[in-house]
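This briefing concerns a single protein model. Please examine the sequence and the structure shown below before reading the points that follow.

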Amino acid sequence: MLSIKKYAAIDIGSNAVRLLISNIIEQKGKPVQFKKNSLVRVPIRLGADVFIKNKISKENTQRILDTMLAFKLLMKSHKVVKYKACATSAMRESENGKKVVDLILNQCGVSIDIIGGEEEAAIIAATDLNKYIDNNKTYLYVDVGGGSTEFTVIHQGNQVASRSFKIGTVRLLNDMVKKEAWQELETWIKANVKVYDKIDVIGSGGNINKIFKISGKSIGKPLSYFYLTTYYQTLQSYSYEERITELDLNQDRADVIIPAMRIYLSAMKWSGAKNIYVPKIGLADGIIKSIYYDTVSSNTQ
């Protein structure tokens, strides 16, 4: 007996807002499959408002209302049976975040959870990582966002440490990360990996996905620290305009990709990792999993 349902995840980040629609394929005697059906990304960049002025502007409030209305219609067209919407760093820190969330519920009928940094790290780490990791190895999982970056140490398939830091691409672009924050991150990484002989980094987030695509590497193969450093230097040698026209980057990617690489390279340097694996998963994938497993557990209780 085959059952296919559609679930949706809405990820309201500091840089972009995403709608992921996935097919949940259940077949008796086989493990459940999560298959991406559609992904829509809108670069609203809420963090540019919040990290500077502490609130979401009228313009971006209207843009997010329009986006949520569009997402609601897309979910209806796809016949999505369940969805979950999570807002992260920007909405969390905004003075009017709760007001905007209420407005979205009233005008669009979309309910949004504002989640904390640690919960965000837990959802991301609960993604289908076991497909990508070797249980005999140790990894530092780094998920770079616009407002924060989540770090998780995974040893022999188990999460042994996890923490969210307010170091993100939009914050870095606006020069809002103090030296102390970098020092605190360096201390945390070194303290949590020192007992392991060898570490590999797993990177997630739109920027590292883009870099991986540009590299032409096949899925499952890592990028080296040398490759990342070289590409980082290449990007810095181009102006913002040249990154769009000559490197074929979207305008909302051409600026944040440099601070994102700085975060990944710092994580690799401080953990002593020579390689970074890019499984192309993130918060939205984790949200889909959480909807499914919450549904399964509530049905069995």
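Which residues does Glu120 touch, not counting residues up to four places away in sequence? They are Thr88, Arg92, Ile115, Ser148, Glu150 and Leu283, where contact means heavy atoms within 4.5 Å. This is a predicted model, in which local features need pLDDT of at least 70, side-chain atom pairs count only at pLDDT 80 or more, and totals for chains, interfaces and linings use all residues. Residues are numbered from 1 along each chain as its sequence is written, and side-chain values use heavy atoms, with hydrogens and water left out.

**Buried residues within helices**

- Glu120 is found in helix α5, residues 117-125; helices (H or I, at least four residues) and strands (E, at least two) are DSSP runs, numbered from the N terminus.
- Glu120 has a relative accessible area of 6% and is therefore buried; buried means under 20% relative accessible area, exposed over 50%, and partly exposed in between, with a 1.4 Å probe and protein chains only.
- Tyr264 is found in helix α12 and counts as buried at 1% relative accessibility.
- Tyr264 touches Val142, Val144, Gly203, Ser204, Gly205, Ile208, Leu228 and Ile276, not counting residues up to four places away in sequence.
- Between the C-alpha atoms of Tyr264 and Ala90, which are 174 residues apart along the chain, the separation is 21 Å.

**Packing of α9 against α12**

- Helix α9 (residues 225-236) and helix α12 (residues 257-271) have axes that come within 10 Å and cross at roughly 150°. Axes are lines fitted to C-alpha atoms, for helices over the stretch in contact, and angles run from 0 to 180 degrees between N-to-C directions.
- The two helices α9 and α12 are therefore roughly antiparallel to each other. Angles under 35 degrees count as roughly parallel, over 145 as roughly antiparallel, 65 to 115 as roughly perpendicular and the rest as oblique.
- From α9, the contact is made by Tyr225, Leu228, Thr229, Tyr231, Tyr232, Leu235 and Gln236; from α12, it is made by Ile257, Ile258, Met261, Arg262, Tyr264, Leu265, Met268 and Lys269.
- By class, the contact of α9 with α12 has 11 nonpolar, two polar and two charged residues. Ala, Val, Leu, Ile, Met, Phe, Trp, Tyr, Cys and Pro count as nonpolar, Asp, Glu, Lys and Arg as charged, and the others, Gly among them, as polar.

**Packing of α8 against α9**

- The axes of helix α8 (residues 206-215) and α9 come within 12 Å, with a crossing angle of roughly 100°.
- Helices α8 and α9 are therefore roughly perpendicular to each other.
- The residues in the contact of α8 with α9 comprise six nonpolar, one polar and no charged.

**Positive phi angles in loops**

- Lys79 is not a glycine, yet has a positive phi of about 60°.
- Lys79 lies in the loop between α2 (58-78) and β4 (82-87), and counts as exposed at 68% relative accessibility.
- Asp175, likewise a residue other than glycine, has a positive phi near 55°.
- The place of Asp175 is in the loop between α6 (169-173) and α7 (179-193), and Asp175 counts as exposed at 69% relative accessibility.

**Cysteines**

- The count comes to zero disulfides, a disulfide being a pair of cysteine sulfur atoms within 2.5 Å.
- For the sulfur of Cys86, the closest cysteine sulfur is that of Cys108, at 17 Å, too far for a bond.
- Cys86 is buried, with a relative accessible area of 0%, and Cys108 is buried, with a relative accessible area of 5%.

- Lys5 lies in strand β1, residues 2-12, and counts as partly exposed at 34% relative accessibility.
- Lys5 touches Ser22, Asn23, Ile24, Glu26 and Val81, not counting residues up to four places away in sequence.
- Lys99 lies in helix α4, residues 97-108, and counts as exposed at 64% relative accessibility.
- Lys99 and Ser239 are 38 Å apart in space, C-alpha to C-alpha, and 140 residues apart in sequence.
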